[in-house]
Amino acid sequence: MVYTGAALLALGSCKDLDTKPYVGEVSELVYQDPASYKQILAKLYAGLAVSGIKPKDDDVDLKNYDGGSQGYMRVYWYLQEFPTDEAIVGWGDPGLPDLHKMSWTASNQWSSAFYSRILYQATVANEFLRETTDEKLSARGISNSDDIKNFRAEARFIRALVYSHGIDLFGSIPLVTEADKVGSALPKQATRAELFSYLESELKALENELPDARTNEYGRADKAAAWMTLAKLYLNAEVYTGQAKYSEAAVYAKKVIDAGFVLSADYQHNFLADNDTSKEIIFPINFDGNETQTWGGTTTLIHASIGGTMNPTDFGVDGGWGGFRTTKELVALFSDKADKRALFYSSGQNLEIDNITTFTDGYAVTKWKNVKKDGKPGKNLTHTDTDFQLFRLADAHLMYAEAVVRGGAGDGALALTLVNALRTRAGAAKLTALTLDNLLAERGRELFWEGHRRTDLIRFGKFTTGYNWAWKGGVKAGKDVEAFRTLFPLAATDLVANPTLKQNQGY
Amino acid sequence: MLEIYKLPGKTFLSSGLTKPKVAWALLMLMLTGQLALAQNQIAGSVKDDVDGSLIPGVTVLVKGTGNGTQTGMDGRFTLNGVSQESVLVFSFVGMLTKEVQVGNQTNLDVKLSSDSKVLQEVVVVGYGTQKRQDLTGAITSISSADFVKGNVVTPDQLIAGKLAGVQITSNGGAPGSGSRIRIRGGSSLSANNDPLIVVDGIPLDNSDIKGAANALSFINPNDIESFNVLKDASAAAIYGSRAANGVIIITTKKGNKKDKLRVNFGTLFSASTIAKKVNVLSSDEFKTAIGTYGTDAQKQLPGTSSTDWQDQIYRTAYSTGNNLSLTGALKSIPYRVSVEYTKQNGVLKTSDMSRTSGSLGLTPMLFKDHLKIDINVKASSTKSNFADEGAIGSAIGYDPTQPVHTENEKFGGYFQWLNPQGNIESQAPSNPLALLELKSNEAVLKRVIANVQFDYKFHFLPDLRANWNIGVDQSDTDGDEFSSPLVSASSFTNNGSTGYYTQSRKNFTNQFYLNYVKQVGIQSINVMAGVENQGFVRENENGTTYGNPDVPAIKSYFKTDYALLSYFGRVNYVLNDKYLATVTVRRDGSSRFAKQNRWGTFPSVALAWKINKEFARDDVFSDLKLRAGWGITGQQDLSTGDYPYLNAYTPGQGIKYQLGNTFVSVLRPNAYDPDIKWEQTASTNLGLDFGLSKARISGSIDFYLKKTTDLINEIDVAAGSNFSNKVTTNVGSLENKGVEVVLNYTPISTEFLTWDVSANFTYNKRKITALTKVNNPTYVGVLVESIDGGTGNYGQVHSTGFEPNAFFVYKQVYNENGTPVEGAFEDLNGDGVITELDRYRYQAAAPDYFLGFSSQVAYKKASIGFVMRSNVGNYAYNNVYSNRGTYQNLTGTGNYINNLSANVLETGFKARTDQSILSDYYVQNASFLRMDNINFGYNLDHLFKNKKIRAQLSLVAQNVFVISKYKGLDPEIATGIDKQVYPRPRTYSLGLNLNF
């Protein structure tokens, strides 16, 4: 019996300690399978939309942040819209009221989550780039098809895209590339100027490597996506580096304008459940009520905008969350009553906001909907189908115009025509001349609630001082805030995890 | 089942301390032991008094000396150096110790009889047993006679309040609900803090079992003979990697080969009610509040009813339990068979649990008792109906002016809040009763634990024993959920849902050890060495389908496993029955770590000194033993998956991203730490056991210090360096220090009247000593424990230099009347604004002290007793107050209104903000004294003509009262965050137990 016991342990029933996952696979085996490549790319894209790898933000990427509240697009929208005249929220989630009040700290969970998201996306892209080099592919016997070349270029684009948000919102953040292996040395912080140069060179390289504009599959990046990112980078170059690059901004905006995108006849089509059919879209973040379910994304945007006497059915959803409204300052931009872009709901709503937590204080916004052009709802009444336009043609029009007005080389008459094309579509009277003031107002009218406002106000010098709106700075009339608020703080947790980092001034 | 025994002394065990002086004394005593050589020789034999068989291995000792021997294979012994006055002490595991004066005899034939009480003298330690008096570590034992009485459905509740250093906090009042067990505070932070549980030698897996509120609920409490709790490292280190949080060894009852057939039948009937309700606004107060704070539209919403929603969801719940056991020997094969059926209804309507279980134990002895085979099979089937506990919160907040039912049949006749379009308002709470009656969640869990243990005493060398134990633990869960379309807005959209969940767990253990015991003169040595291999496989699947064909079904699958391989050894050395030493070492390999970090070595040393033997004052001290021990235990039970070191990818399930016209599945790289390794806890224990024979007092006192390093911790990693913001790695350290005191006292012991009291006291202080690689004073720490109200709010923090789970809150400002001023907090960092930076750490969830006190009086046929428990210094965050205690909570975003906690009448708070919800006003002192159990027993033997029948009637009241300053429902909250919990019921039971 002793022998039996010893023998059993030595041989048969002994469970060895080299266990492997049942669900999923170790990295070497994953990259043996050609089918894996597109799925990893899909994760990179999905990382802009949802929080995890199961429906409704289950099995999330980032820990300690609520699943519904950590999705890239949702938080990007929060940080770009709530500290502005365009949006205010009544919920008391921790740190959320601080966004409109502009009193956030380095522990703010929203700015911290977005900071983590940017670097998460970059890290996943880096791993994919490391594992898809020519040497690695040939070692595995996988043919380096055009597909994989495109995948690589797109992964690089997503990395550049998130860093373009990083340079805008945080300024100087750690820059990691495929040279930075997982778990190795602490990532090094790049200055805002270094990030600018890096992005400029990356995007210029991608200009050649990405598929031609409008030739890639819907939802995947092409040259136009790179041009848009580059145009934005140049347009804001003066803010980022102190050196204006308006001519370059005009060049890249023009490339987009000339690429064959078409303004959708109906402005609101861009914000509906079937907006994937709009020819105006350059680069979207895709949502689907059945396949890409999240509590964030446009699901938040649409549900949260419904309350008071609004009927959720009109928006293609099963209920309102009663959170988001706008200030009277945005409403005031629409002095032209014919302008169809004034998508507000005022019945039972007060224009004035006396109490931030009361949904009926402040006009509601009806821009985003989960109904299709034909008025029918999306696939799912809880989770929306509506895609989020990160870039659309109208923005290229406005960027070109602004770059020219700011002194960039370009065609002034064309600039006016491009702006008036948008106004004509909206049913508003044409402008006769362009000024910085009417361009900022036009950007507000055309692009409100699309995640542009904070960047715009900063570029126009009206973010911290020079312009106040309801409840800015935590007072009803609005007040100036400290100049350092133009940048969000690096996440407090990362300053502990990475002691080499330097916090933004003021935090 | 409800036998009321006379309380025998509890057993609290431990080890010794060595200082140079003691070592010197030890040497002296060895010499004097040698010098005490004397006159005569005596020989004899020792037999079993029942079957007359000769017993080998009986210790024969000249009383008051170290002079002794053991009987040989033939049951005979020879001993030199005895005089006529010498008294020989014969002792053997499982037998009553017998003393015989030598007198004129030169040949002694002694018969030993077995006694069940003697079992208590033997303590089950890891991989073997030891005599209690020879223990060197901090081990607490409790046997069936001392278990908590009454309606006890799960084994953990048998020992609540009974043991020092062992804190058992039930998770709530749901039927079969589990407990959080903490031994000496818990040595880990984010890794598992549950102790290792070993049943009949088989170490169990700690992971959650689906379909069971409690991982231990498969065991019929009536089958349990004893619990032995290994608390310090010197006792527990033999379990190495899994012992950092202590070990609980459960031994089930066994047959005895000398037994005739014994039958035990127990039946119990009990009734439970809720002890207390949450204090909310009455319907009149509610109407006044709406009249003041509602909008014009909301002022129209109150109805004309007056409904106490808490009365609607709770009920008086009746439960029954029946069990039958047969014990005896069949052709000299001892056996025990038991069957049990328990049905427990919960006080929350629609919740119940029923369990059918059976156990079989066979202990055949072969080859003249050289081979002992121990076969245990325990099987149970538990069916649970889990009520939607959301109904508890819903009932607290539901409008008291609305009726339960309406004539609108569209939603099943239940009152529901409707939007202007006549559909259920999406953000409104659901009718509490509808939540209970229109939803179901039923699970059946089948579990089998079986093991076969061969214990072979070598024919040619009876001092050597080989023990081979193989065991399996397998469970299968099958759960079904159903939600009616009428229960909520989302359910209406989805047209109802049907879900399922299954789990299958297959664990095996294969262990083998050799044990050599030898007594040479006054020295005795006990050496054990062994190997163990364990594997754990877990497979889960769940899915939901919806009544609306347009809503896609959800399905999720998961399977995982891990394995452990261990080598271990132990040496016990006893010199002269006075000096004891134990040395253990264990080498563990875990599949959860990479090859280079896989193995950990966990040693321990313990020494003990029986002072009473030293000074031969047995007449005064029945026990006086000083113990000292040190050891290292390991921790590998991470809560974050079984492959934390592997660079691997996980496929998404149910998430696809649109690329072109196709939806592409996603594949995600997992965060990993290739260097993750063992967490280690070094513990030191110093203890003293004492017993005063005449005063009938016994007890022990222990001081301990546990330092954990390389904490397995999910911490923030540098952004851009891994595939998540947090990674499980080894960072930080933690310290537990404490004192445990146990006292047992029998003030009265006469023929008719006995009175036993016992008390235990534990002081434990836990502190985080590091959380980062380089100390960073600006680091706030890790936020933990989410709270209700506002997404992403955490109420506690783990910070360096503080107790874990410290409340992390704003400091409330009070006016001169002591009323909190709304929205006013102290600007602790003095920067002129109140931001997150003004939060501070205030108190913590764990008690500083916890105490247990029991008393049992037996007078003739009657007995009466009680068990009280108390925690001191524990705080709780009253999330019911904070989430429902402002007038803002009256109204939501839609066509509905909510009731409030009556706390709003005291504070008058209007708004709940992200700061006010974290006010320290809501952190309340939750120290308490709870009367856990009052029991009354009466012997009915005289009613039966047959004198063999023993009958006992019992009446037990449980959770009789709680004394506490805490303002919420129940101060005893394991996490310290008081959300709406399933209330612990007050239970009255009537039981009858028959033995024949």
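This is a predicted model: local features need pLDDT of at least 70, side-chain atom pairs count only at pLDDT 80 or more; totals for chains, interfaces and linings use all residues.
**Entry 1: where the chains meet**

I began with the two chains and found that 92 residues of chain B are in contact with 98 residues of chain A (in contact means that the C-beta atoms, placed from the backbone, lie within 7 Å). Strand S32 of chain B, residues 648–659, gives the most to the side that touches chain A, with 12 residues. I sorted the residues on that side of chain B into 41 nonpolar, 37 polar and 14 charged. Here Ala, Val, Leu, Ile, Met, Phe, Trp, Tyr, Cys and Pro count as nonpolar, Asp, Glu, Lys and Arg as charged, and the others, Gly among them, as polar.

Residues are numbered from 1 along each chain as its sequence is written, and chains are lettered from A in the order in which they are written.

**Entry 2: a strand pair**

I then saw that two bridges join strand S1 of chain A (residues 25–26) to S32(B), and the strands run antiparallel. The partner of A:Glu25 in S32(B) is B:Tyr649. Strands are DSSP runs of E, at least two residues, and helices are runs of H or I, at least four, numbered from the N terminus; strands pair if DSSP finds at least two bridges between them.

**Entry 3: helix H9 of chain A**

I looked up which residues of H9(A) are buried: A:Leu195, A:Phe196, A:Leu199, A:Glu202, A:Leu203 and A:Leu206. They lie on the same side of H9(A), because they cover an arc of only 140° around the axis (taken from the directions from the helix axis to the C-beta atoms). The face turned away carries the exposed A:Ser197, A:Ser201, A:Lys204 and A:Asn208. Buried means 20 or more other C-beta atoms within 10 Å of the residue's own, exposed 12 or fewer, and partly exposed in between, with C-beta atoms placed from the backbone.
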